[in-house]
Amino acid sequence: AARNLNRNTCKTLKGTANMKTIIMAAVMGLVLITTASTSIADSHKAGKILPYPIYQHKLDNGLNVVTVPFDSPGLAAFHIITRVGARNEVEPGVTGFAHFFEHMMFRGTDNYSKEEYAAALKSTGAAANANTTQDRTAYHMTGNSEKLELMFELESDRFMNLNYSEHEFKTEAGAVKGEYTKNFASPYSQINEKRAETAFTTHTYSHTTMGYFKDIVDMPNQYEYSKLFFDRYYRPEYNTILVVGDVTPEQVNQLAEKYFGKWQRGDYESVVPVEPEQNETRYVHLQNGSIPPYFSMSYKSPAFSDSKIDMPALDVLSSIVFSNTSDLYKKLVIEEQKVRSLGGGARDSRDPGLFTIYVSMVDKKDMPYVMEEIEKAIANVKAEDVDAALLARTKSNLKYSFAMGIDTPDAIARSLSHYIQLTGDPESINRLYALYDKVTADDIKMVANKYFVPEHLTIATISEDELGALQ
């Protein structure tokens with residue numbers, strides 16, 4: 001879901017810079033907080049990965065408003081990040097509702113029907129879409145900046161006044177069931193679901209974004225609960241408006257106040273259960289011979305942090321050990337040709353998640369050998385310093401490959417949305433990238449020893465056998 005580009009084969013990079021300037025100014029009677037310097041040159045001097053100023057303003061109701069002026073004449077990206085995902089589905093029997101509202105939010109209001117919303121949106125030159133992860137739901141469009149006020153009107157209306165009948169609810173619930181059935185025809189989706197259930201016994205990361213199938217089947221009977229879910233989470237304190245492009249913070253803040261200022265703050269806070277420490281290697285297997293043999297090794301990984309070195313060090317490690325330029329890849333994929341594909345990395349998440357190594361095999365009988373080679377590569381990182389030149393090249397590549405990709409309003413907005421979902425603060429992108437520069441060989445050894453332990457490992461396999469070859 002919210003990935004901006006790959007940091008190795010499965011993961012996006014994050015952000016940097018500890019420099020933070022807070023300037024207070026009166027803007028149309030409101031307090032404007034700017035968390036970046038007012039020039040690109042100053043941002044570069046401060047070591048920030050994002051060379052554009054980030055302006056933040058919080059309404060009295062708790063809604064965060066973020067503006068990033070960018071030289072894109074006539075164009076603006078408008079995103080709303082709702083910090084609610086599968087993680088927040090804490091009640092049994094009603095999983096999948098965060099993703100459900102990704103669909104339902106396009107059903108219309110009393111002011112704009114579904115068709116009227118689409119027509120009005122078309123007049124802005126934009127096409128709206130949305131997606132859901134375990135930690136958030138994101139709504140986004142990119143269109144004519146001269147139509148920014150209409151974008152605000154349309155989005156405020158559906159966020160504050162969404163209205164749907166029980167019949168419409170059941171229709172959309174049926175569509176969600178169809179999407180689940182289609183997606184989970186894939187053995188990879190099936191093993192991902194099994195892996196989550198096995199690796200997490202208590203935390204809500206135990207179910208995927210789509211939710212449990214039994215809950216989706218029952219979803220048409222949960223009309224009243226859907227209203228409760230919307231009332232709880234579609235409140236200003238759970239949301240951030242992000243506008244990037246040919247705009248000014250004064251303009252954006254004024255429109256936010258006009259269209260979202262009367263949005264009433266809620267009082268619900270979900271309590272996400274804490275996952276207990278895993279104390280043994282766990283196994284899960286899917287019997288399926290329709291695809292090449294496959295296995296994954298998932299170690300418990302840390303929650304996202306823009307102040308701790310652990311995740312940046314794991315990202316550098318994953319690129320060095322598991323990317324397609326690594327010694328392990330060259331040996332297993334290119335030279336010995338026992339492996340079709342290999343990759344690994346940790347997913348950014350608000351709570352501790354998984355660092356997963358993925359392997360698609362040529363022959364299932366080689367699974368034990370390949371797993372042993374992976375363990376040897378990890379053991380080597382635990383014991384030996386990473387080559388200094390390789391470490392420098394890897395950090396440079398991770399940093400500049402990301403920086404080169406943030407060159408449009410939508411690309412910038414998607415990157416910032418990723419960090420807003422994790423911390424609520426877009427400046428995390430800058431603070432985190434500062435950490436990448438600081439990763440040392442000792443840091444890589446530290447995280448290898450800390451996280452790659454058998455007690456925290458979950459192994460998932462797919463093959464035609466009744467039992468997995470690695471148990």
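User: In this predicted model, why is Glu149 called partly exposed?

Analyst: Its relative accessible area is 34%.

User: What makes Lys258 and Glu149 a salt bridge?

Analyst: Their side chains meet at 2.6 Å, N to O. The limit is 4 Å, so the pair qualifies. The two residues are 109 apart in the chain, with Lys258 in helix α9 and Glu149 in helix α4.

User: Is Lys258 buried or exposed?

Analyst: Lys258 has a relative accessible area of 54%. Exposed means over 50%, so Lys258 is exposed.

User: What makes Asp437 and Lys399 a salt bridge?

Analyst: The closest N and O atoms are 3.4 Å apart, within the 4 Å limit. This pair links distant parts of the chain: Asp437 lies in helix α15 and Lys399 in helix α13.

User: How do you know whether Lys399 is buried or exposed?

Analyst: Lys399 has a relative accessible area of 17%. Buried means under 20%, so Lys399 is buried. Asp437, at 41%, counts as partly exposed.

User: Which residues of α10 make the contact?

Analyst: Asp315, Val316, Ser319 and Ile320. On α13, the contact residues include Leu390 and Lys395. By class, the contact has five nonpolar, two polar and two charged residues.

Notes:
Residues are numbered from 1 along each chain as its sequence is written. This is a predicted model: local features need pLDDT of at least 70, side-chain atom pairs count only at pLDDT 80 or more; totals for chains, interfaces and linings use all residues. Side-chain values use heavy atoms; hydrogens and water are left out. Contact means heavy atoms within 4.5 Å. Helices (H or I, at least four residues) and strands (E, at least two) are DSSP runs, numbered from the N terminus. Ala, Val, Leu, Ile, Met, Phe, Trp, Tyr, Cys and Pro count as nonpolar, Asp, Glu, Lys and Arg as charged, and the others, Gly among them, as polar. Buried means under 20% relative accessible area, exposed over 50%, partly exposed in between (1.4 Å probe, protein chains only).
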